[in-house]
Amino acid sequence: MPRFFLDDISGDEISVTGPDARHMALALRMKPGERVIVCDGKNGEALCEISSLTPELVRARVLDRRPSGAEPSCRITLFQALPKSDKLEFIVQKAVELGASAVVPVLSRNCVSRPDEGAMEKKLSRLKKIADEAAKQSGRGALPEIGRLTPFREAVDDMAGRALPLFFYEHGSCSLRRAMENYSGGEIAIMIGSEGGFDGDEAAYASEKGLAMLSLGPRILRCETAPIAALSAVLYATGNME
């Protein structure tokens, strides 16, 4: 069933305008009587029946309201060191499909990609669009956040304030199972490196700030594979892939 997001889904009837209305009327060729799901982006959704439809305005009657069943039980933020080319687009898409609540691009020492401010603003706008589309496609009930490009130490400081900060590093020695032994809920943060990984000074700083130094096993993973593996492992460990 088609899924759309609006800021306000209160009331007995909702109105859809702009690109979503055009998409419903022209691309999907929907008709009165058909049903859609409209989400408020905060884990609430409404089952609606279209009562009237034009490319400018769609009106729909609310039939039922419920919390989304697709949101993970814990909020997970992926801090991803900036990779080359368009790899971040792929990472954002898959992270959102899996259930990440936010993705924050990070500028670490070994990042080859170092876009200027204007280029990064365009990239962030593109990433937000990809994240929103992935949320709709995967049946999410909340729109994920795309953070600004954040310097490495600032990102680590941010992670240190989360309930479970996980730093995935090729020389990490802690297992995910051990890292989660005392986890009883709250926000989880994951950091993954770019193609060159993290240098020793960065890893030392992360360790000093209390981040758990984890490994993803003996195999060398590409920077676009590692976040998918890490997110999947964390979601499974928290009971969100059963």
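**Cysteines and their surroundings**

The sulfur of cysteine 111 has its closest cysteine sulfur in cysteine 223, 9.2 Å away, which is too far for a bond. A quick reminder: a disulfide is a covalent bond between the sulfur atoms of two cysteines. Here, a disulfide is counted when two cysteine sulfur atoms are within 2.5 Å. Search the whole structure and you'll find zero disulfides.

Before going on, note that this is a predicted model: local features need pLDDT of at least 70, side-chain atom pairs count only at pLDDT 80 or more, and totals for chains, interfaces and linings use all residues. Residues are numbered from 1 along each chain as its sequence is written, and side-chain values use heavy atoms, leaving out hydrogens and water.

Are these cysteines buried or exposed? Cysteine 111 is buried, at 5% relative accessible area, and cysteine 39 is buried too, at 0%. (Buried means under 20% relative accessible area, exposed over 50%, and partly exposed in between, using a 1.4 Å probe and protein chains only.)

Now for serine 194, which touches Cys111 and Cys223, among others including Ser108 and Asn110, not counting residues up to four places away in sequence. Contact here means heavy atoms within 4.5 Å. Serine 194 is buried as well, with 5% relative accessibility.
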